[in-house]
Amino acid sequence: MTARSISSCSAMAKKRVAVLISGRGSNMAALIEAAKAPDYPAEIVLVLSNKPDAGGLDTARSNGIATAVVDHKTYGKDRAAFDRAMQEVLLAHRIDLVCLAGFMRLLTPEFVGLWTGRMLNIHPALLPAFKGLDTHKRALDAGATIHGATVHFVVPEMDAGPIIMQDAVSVRPDDTEAALAARVLTVEHRIYPAALKLVAEDRVRVVDGNCFIDGTRVPDASALTPAT
Ligand code: GRF
């Protein structure tokens, strides 16, 4: 192999991604679809669920992607043992990047620390607003006029890591929780593959808790104009 072919091989090496799910896996499906593009810089090589009956597992299998289940119930309250079991699976599949996509377990700081800068999450709100659950209901109850979704790096504190990408939707006067959730979900399906692409291309740097993409700081959510 010549020096030139070695360097072009390493430039083309796709990042090996595991998607962690607990449910239907529509964000996982969006990542799988995006990764089918020949020039996408990452491949989804594993879908890991903490629930044996997660709907997304079937979608993964039908796309020919390896699946694994680490059932949290097996570990009772021993979160560290559950996380260690997941780490073993991730190592066995030589995973570079982890995408949490509706993964409904709290992770230990030790596990999160093993994946600093290499584990992403999608959250259905414009962080730092509406951390936690029931984001759409809370946005409606609060009279928010703008809502959206966020992809961020995972840190030990929930929904608090450096923000890689966000996009917004308008909240309509007649919105129901379901209608708003559906509009936000279309944003999620767009920004998660886009954010993973940037990370896999090594274009995202974290400085003092803020992400910079190609050297430019990711703007606050307040700078966003709703697409819909
Ligand atoms: C998404 O809204 C995601 O933002 C949140 O959980 C939901 C998972 O949905 N973390 P899906 O399983 O990706 O369809």
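The ligand takes up the space of the largest pocket. A pocket here is an open set of points on a 1 Å grid over the protein atoms alone, with protein on both sides within 12 Å along at least five of seven lines, and a molecule sits in one if more than half of its atoms lie within 2 Å of its grid points. Keep in mind that this is a predicted model, where local features need pLDDT of at least 70, side-chain atom pairs count only at pLDDT 80 or more, and totals for chains, interfaces and linings use all residues. Residues are numbered from 1 along each chain as its sequence is written, and side-chain values use heavy atoms, with hydrogens and water left out.

Look for the polar contacts, pairs of N or O atoms within 3.5 Å. A polar side-chain atom of S26 is 2.5 Å from a ligand oxygen atom, and a backbone N or O atom of G25 is 2.9 Å from an oxygen atom of the ligand. Over at I122, a backbone N or O atom lies 3.2 Å from a ligand nitrogen atom.

The largest share of the lining, 5 residues, comes from α7.

Methods:
Polar contact = N/O pair within 3.5 Å; in protein donor to acceptor, adjacent residues only side chain to side chain. 1 Å grid on protein atoms, 1.4 Å probe; cavity = no way out; pocket = protein on both sides within 12 Å on 5 of 7 lines; lining within 4 Å. Helix = DSSP H or I, 4+ residues; strand = E, 2+ residues; numbered from the N terminus.
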